[in-house]
Structure formats: C-alpha cells, structure tokens
Amino acid sequence: MRSMGARALLGLLSGSALCGAAHAERPEIGAFIDLQQIAESQLKGVGEDIVTYTEVSGNLAASIRNRRIVLSANYRASYRIPEVGDLSKNFNQDGILRMQANVIDEWLSTDVGAIVTRSRINPSGAAQQFNSGNPKNLAQTYSAFIQPSLAHRIGDVGFAASYRYAYTKNESGQTGALLGPPVDRFDSSTAQEANLNVGMQQSALPFDWTVGAQYRRENTTNLAQHFRALKVSGEIKQPIAATVALVASGGYEKTETSEREALLDPATGFPVLGKGGRFVVDPASPRVLTYDMAGLIGDAGLIWKPSRRSRVELRAGYRYGGFSVTGLAEMRPNDRTGLTFILTDQVQSFGQGVSGGLAGAPVDLNIDPSADPATGYQNCLFGKTAGSGRCLGGSLGGASAQAYRERAASIIVSRALREWTISGSLGYTRRTYIDDPNDPFSLDGVVDQSFFGDLSLNGQLSRVSGVSFSFTGSLFKNGQVGASDVKAGSFSTSYYRTFGRSIRARASLAVDASKQDGITADVSGRAQIGMQYEF
C-alpha cells in the first residue's frame, strides 16, 4: 500500500513543477466534420441480417502546452440516420479533457478533467466492444472533476494540500430488466477528497519523512448511499544504496458505507425499478450501515530508482482487516519506449473509480481525432510520453451502484518505430462487493473478476496515407448465483488517405463478438467508408 500522503505530496510538488517548467509550444486547435456510410451484418446470433445507416459527426480537438497551462482535449458528437433495417436514430458523445494550470509559481496549481464515454450496465449482459447500430447494455457516462492544489517548500520542509470535487453520471435509455439476477444500475454521485501533507526530503536528516491526512466522501443517488473514509498516516524512507531505499508507513484509517433499503414489489418479491431500471428507495426504510472498518494500518516496502527515467516500488502490509499489496513501475528506457504498471488495493465505487482514474491520467494525453470512435468504452487513456497512461476498464466494465473492495493491476506499454507505433494494455480487477447482507438481493461478499486487454498497430504508408490494426478483448467472471460469465472480443483495420491539407478519406472493416454462458454467441461485422474535412 503506497502511502497516499506521500503520493499526494510528491504528486503536488511535481505537478506544480511540471506547469512551471513546461516549454512553450504552438497551440494545436482543430475542428473536423465527418460523413460516414456504414453497413453492418449479423454474422451469428439474433438480429437483422444487414443494416445500413449514415453517421454525421463533428469533432473539436485542442492541445496547449506553455509555462502556465498544459491542456489536451477532444470532443466528438455524432448523429446516426437509419436507412435499411430495424435501426433507431441515435445521438452519441465521446470526449476527454485534462488540464493543469499553474496559477501561482511554486504555490498554487489547478487540475481539471472531464470525460464522456460509455460503460456496461449489467455485468450479466452483452459486452460488445463497438458502439454501433443499436447498442445493447451500454450507458452514456459523464464524469468531471476540479482539484486546486497548494504546494510549497520552506527550507527543508515541504507542505501540500489539495481538494478534489467530482461528479459522475450515467444515462441509459434501457429501462427494463436485463438478463441475470437484479442489479442496481449506477445513477449519479458527487465525490470529494481532501489531502494535507507535511514532510522533509533530502534534508540534514538521514531519512525522508512525511505526515499526512486524507478524507474521502461520496453521496450516491442509488438507495441514498453514503461513503466516508478518513486516514492519518506517517511515512519514513531510508536510502540504503545509491538507487535503493526502504520505505515504511503506519497510521489509522476508518472507512464506512451506508444505504437505505430497496422497495420490493409485494407480488413478485423483486425490487421495484424506477427511471433507467434502477432500484427505488423504500421510503419507510432506515439507514443501514453496510461497512465499518476502523483500526491501525501499516506497510513496508522497497523503492528502486536506477535512473531518472525508471522507478519501481512495491509495498506489502495490513489494511482493511487483512493483507494488502500495492506497487508501481515506470520504465522509460528512451523517448520512444515506455511502460507503466500499477497495482492497487482500495475500497472503491463506480463514481470514484471513474473520476479518480481520470484525475490520475496524464495531463498531456495522446489524442488522435481521426481514430475510430466506435469503441464501446475506453479501457485506457494513453499519454504522449511513451508508456504513460491510466486504465479505466475495471470501472467502466461494470457500472454497479454498490461499493466494493477493489484489487486491481494494469500495465500500459508503447513503442514508436520509424513508421509504426505499437501500443497495448492489460488489466485485471477483482471486486468484493459491499452491501446490506440482510437484503434479499444483496451483493455483499460477492466476488467478480474482470480481465481486459487491447493492442493497436498504426503505420504511415506514405506522406499522405496510413493503416491501423487493433484488437480488444475482455472476460468477465460473474460471482452472482445464476449469473453468466461474459467473453468479448473485436478486431478492426482501417486505411486512410489525405487529399490536400483538409480532406481525409477513410475505410475500415471490423468484427465484433460477445458470448454469454448458455446463449448463442453474438458476432457482427461492420464496413465503413467516409470523408473527414478539417476546418
């Protein structure tokens, strides 16, 4: 378990330095309009043999990097016009924004982030990777945060304070019951996180030290759920060699969650479903404490930093009433190759997972406005620095309203060659749900596991043309009785060619497959051709 106090202190100090030291680059701002003709065929499973539609979309992209601001943003809105087959009109949005502003040199900085993407509604339902045609089991997800941070050094003593406010919302047009046991679908939440840290590094003392406090709270509309967590801890880091240091931390932590009961239909005994298929609160129910863990915590580990481009940290200790392991590895052997590995263990929720993952993503994101936007949901956000990024797939793969203990691992790698770029990611998430054990449809103690991965290869064939290949796969192992495991995978390839400075033609082919236990596999193909104009 890496100390959150130390992480916040180092992150805030380095974040302030990033903004201050960023060299000026010419801002890149672009607007695009796309017109695509798409045909889809159901190769296996239930559905229309062939459907066709036209998709019209607009795209805004921006990249700014100077002494005061580092910003990367991309937003796309699309509208589908049905032509052949049983297909409904559809409006979709996709977008990402990350910004860090240096307000006062060496004192105050502000982080801002927003994302518009999609998440899976029901873990027992389909897990298609493409958001095309009539998308099933997908919700539009919105999340945004703002985080002012204060960091400064006075002599050998450094202090840092931050406050983050986040809002996350899911919108779904699917209101009926889905396959499998009843699951409360996430609606919306507001989350807040405050950190305060004081420490000394590379001072007259033979070791570095940090003392910090963190407070997290979240209010979720589903069943009026409350999340509260307080942690106070101290950390000592002792160098034992030029590139190796021992680190140990200890403190006190209290985490609790509570909710009200769901209203049950007296005729069926099942939860009454409200807007968006979510559970309705029983107005006569009291608030029930579903999780209450308080006590001492501690860990110890090793930090290895062989160069300024590489860092490995591994910790093991006691947290949440048992054994806990966390880790971090960042490898940048050169400017073209990189790797990031993250191992976490924390009590988490859907809202905090999405907004926290967004806050942990690089400010300088690798945004390609010409990339295929039909992906079902974004597993990972890649940074411009090789191998940097943050994965959200564990959160977006299952939009449950319940809190859970999450143990997760993810790895991001990228390699840039002369004409080709290879990037990929792998992730694993294990959730142990927290719920009212007396509820007839309680998820308390249920364990599910998610595996996901993707690989992309992009190449430039000439000065005006290029090609790309991508593969995405996932496996969801559902721990609920009577629920099915779900496998999914997709492959796509595309070719583009530019004409002049403003027009780009693009053609792509894709195959998407999803398989649920006891149900015939759903396999579909997609062919797409279109034109993009840059203003």
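Analyst: Cys 391 counts as buried because its relative accessibility is 15%, where buried means under 20% relative accessible area, exposed over 50% and partly exposed in between, with a 1.4 Å probe and protein chains only. Its partner in the disulfide is Cys 380, with an S to S distance of 2.1 Å, and Cys 380 is buried too, at a relative accessible area of 10%. This is a predicted model, in which local features need pLDDT of at least 70, side-chain atom pairs count only at pLDDT 80 or more, and totals for chains, interfaces and linings use all residues.

A disulfide is a covalent bond between the sulfur atoms of two cysteines, and here the term is applied to a pair of cysteine sulfur atoms within 2.5 Å. The structure holds one disulfide, and the torsion about the S-S bond of Cys 380 and Cys 391 is about 85 degrees, so the disulfide is right-handed. The two cysteines are 11 residues apart, with Cys 380 in strand β16 (residues 380-382) and Cys 391 in strand β17 (residues 389-391); strands (E, at least two residues) and helices (H or I, at least four) are DSSP runs, numbered from the N terminus.

The average pLDDT of the chain is 86, with 89% of the residues scoring at least 70, pLDDT being the predictor's confidence in each residue, from 0 to 100.

Definitions and conventions
Residues numbered from 1 in each chain as written. Heavy atoms only, no water.
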